[in-house]
Amino acid sequence: MRGYFKAKMTVAAALLASTAGMAAAEDVEVLHWWTSGGEAAALNVLKEDLAGKGIGWVDMPVAGGGGEAAMTALRARVTAGDPPTAVQMLGFDIQDWAKEGALGNLDAVAQAEGWDAVIPAALQAFSKYDGHWIAAPVNVHSTNWVWINKAALDATGLGEPTNFDELVAVLDKMKEAGITPIAHGGQAWQDATIFDALVLAEGTDFYKAAFVDLDPAALGGEKMAAAFDKLIKLRSYFDDNFSGRDWNLASAMVINGEAGMQFMGDWAKGEFLKAGKVPGTDFVCIRFPGTQGAVTFNSDQFAMFNVQGEGKQAAQAAMASAIESPAFQSAFNVVKGSVPARTDVPDTDFDDCGKKGMKDLAEANTAGTLFGSMAHGHGAPAAVKNATYDVITAVVNGEYSDGASAATALAEAVAAAQ
Ligand code: GAL
């Protein structure tokens with residue numbers, strides 16, 4: 001804890017020094033996993049914004065959707081006593097690093113810029129530790145989306161599906177048309193992204209009981225069995241080469257009409273936009289059938305590590321400040337597919353899917369139907385998240401023939417991980 005408060009004083013001093021022009025902010029070394037076309041386009045908005053402020057960018061990309069590989073690389077850097085300046089991080093991982101005393105303190109810039117009043121409480125739960133700001137939220141992604149190729153949907157003669165039976169009817173028509181109904185990447189975090197939505201579709205109270213409260217009766221009960229049975233059904237609409245496919249390659253299958261739809265967070269929209277596709281014309285964005293009115297979210301945050309030197313600390317404060325500026329919040333999220341981390345950013349520059357995303361988030365926040373995504377580290381700590389990954393992926397890989405046995409296994413795996 002001593003190191004913690006030492007960091008607090010030095011970051012504050014660095015901020016004051018840098019604003020007084022005494023310690024020029026140095027470059028920032030940033031560890032992230034934004035390597036797909038859409039992600040890189042959004043990242044460039046941040047790099048250029050910082051360059052305009054005289055802050056150079058030392059890139060440390062670690063490819064791998066969902067960030068598992070990036071977190072492994074981070075652990076190695078910190079163990080070697082050489083943490084990056086800033087790290088893209090999700091939810092409970094931020095809290096775990098804060099518990100280790102590894103993160104710097106951003107209170108000075110947060111208080112100077114009034115973050116407490118404009119960052120939603122659901123994000124602050126992860127951006128702060130012990131009442132101190134230790135990360136700067138960049139965005140709010142949500143995961144219960146379906147991205148549908150509009151020509152493929154129109155060819156079915158059916159409307160946008162609003163429940164599981166209507167979804168199956170659309171998928172069957174797409175299969176008859178000879179395209180891959182569901183574009184999927186067989187990686188644990190992607191399997192879990194679909195399962196987040198299936199659990200949410202069983203009911204918001206049920207999602208909270210199972211994936212936030214970790215209630216054993218919910219995890220092993222009938223509704224969870226029903227969610228797994230639906231996952232087994234959806235698995236029958238994947239193509240034979242889905243195993244190991246990167247998420248953005250699955251997005252490309254929908255973009256080019258080879259597949260009908262993808263169940264994925266709204267970073268997928270960044271791929272459609274990068275490909276020049278237009279919402280409502282080339283693709284439609286809908287909430288996963290049965291989850292309308294609710295949102296499972298994940299927020300990309302930059303956690304600032306304890307680094308030595310006033311110049312590095314000034315650069316951290318300047319990066320955090322740049323990230324939270326309303327203008328940047330709009331420019332970045334328009335490209336990334338997410339929505340702003342601040343509640344005071346207008347939706348003027350967002351497309352129809354972005355506008356829907358912002359509206360859905362505000363309404364879910366008010367209605368109490370906004371939940372952290374288990375698949376993306378906002379439902380429970382990593383040990384529990386990984387325990388759910390193991391069972392969900394086993395179901396996708398055909399190791400369970402019925403939902404009830406999978407639900408029993410899930411309850412046991414989560415109990416063992418706590
Ligand atoms: C999520 C992250 C997104 C995007 C996605 C695919 O966890 O929040 O920004 O990177 O992974 O890699």
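Trainee: Which helix is alanine 327 found in?

Mentor: Helix H17, residues 326-336. Helices here are DSSP runs of H or I with at least four residues, strands are E runs of at least two, and both are numbered from the N terminus. This is a predicted model: local features need pLDDT of at least 70, side-chain atom pairs count only at pLDDT 80 or more, and totals for chains, interfaces and linings use all residues. Residues are numbered from 1 along each chain as its sequence is written, and side-chain values use heavy atoms, with hydrogens and water left out.

Trainee: Is alanine 327 buried or exposed?

Mentor: Alanine 327 is exposed, because its relative accessible area is 60%. The cut-offs are under 20% for buried, over 50% for exposed, and partly exposed in between, with a 1.4 Å probe and protein chains only.

Trainee: Switching to sheets. What is the strand order in the five-stranded one?

Mentor: S2-S1-S3-S13-S6, an open sheet with mixed pairing. Strands S2 (57-61) and S6 (135-137) are the edges, and each pairs on one side only. Pairing needs at least two DSSP bridges between two strands.

Trainee: In which sense do S1 and S2 pair?

Mentor: Parallel, over five bridges. Leucine 31 has methionine 60 in S2 as its bridge partner.

Trainee: And S11, which of its residues sit on each face?

Mentor: Phe283, Cys285 and Arg287 are on one side, Val284 and Ile286 on the other, and all are buried. Side chains alternate between the two faces of the sheet in a regular strand. Strand S8 (residues 145-149) pairs with S11 in the antiparallel sense over five bridges.

Trainee: Now the ligand. How many residues surround the ligand?

Mentor: 14, and the closest are Trp34, Glu39, Asn298, Asp300 and Lys336. A residue counts if one of its heavy atoms lies within 4 Å.

Trainee: What is the distance from the side chain of aspartate 300 to the ligand oxygen?

Mentor: 2.6 Å, from an N or O atom of that side chain. A polar side-chain atom of tryptophan 34 lies 2.9 Å from a ligand oxygen. For histidine 376, the corresponding distance is 3.0 Å.

Trainee: How much of the ligand's accessible area does the protein cover?

Mentor: 100% of the 300 Å² that the ligand has on its own. Those areas come from the Shrake-Rupley method with a 1.4 Å probe.

Note on methods:
Polar contact = N/O pair within 3.5 Å; in protein donor to acceptor, adjacent residues only side chain to side chain.
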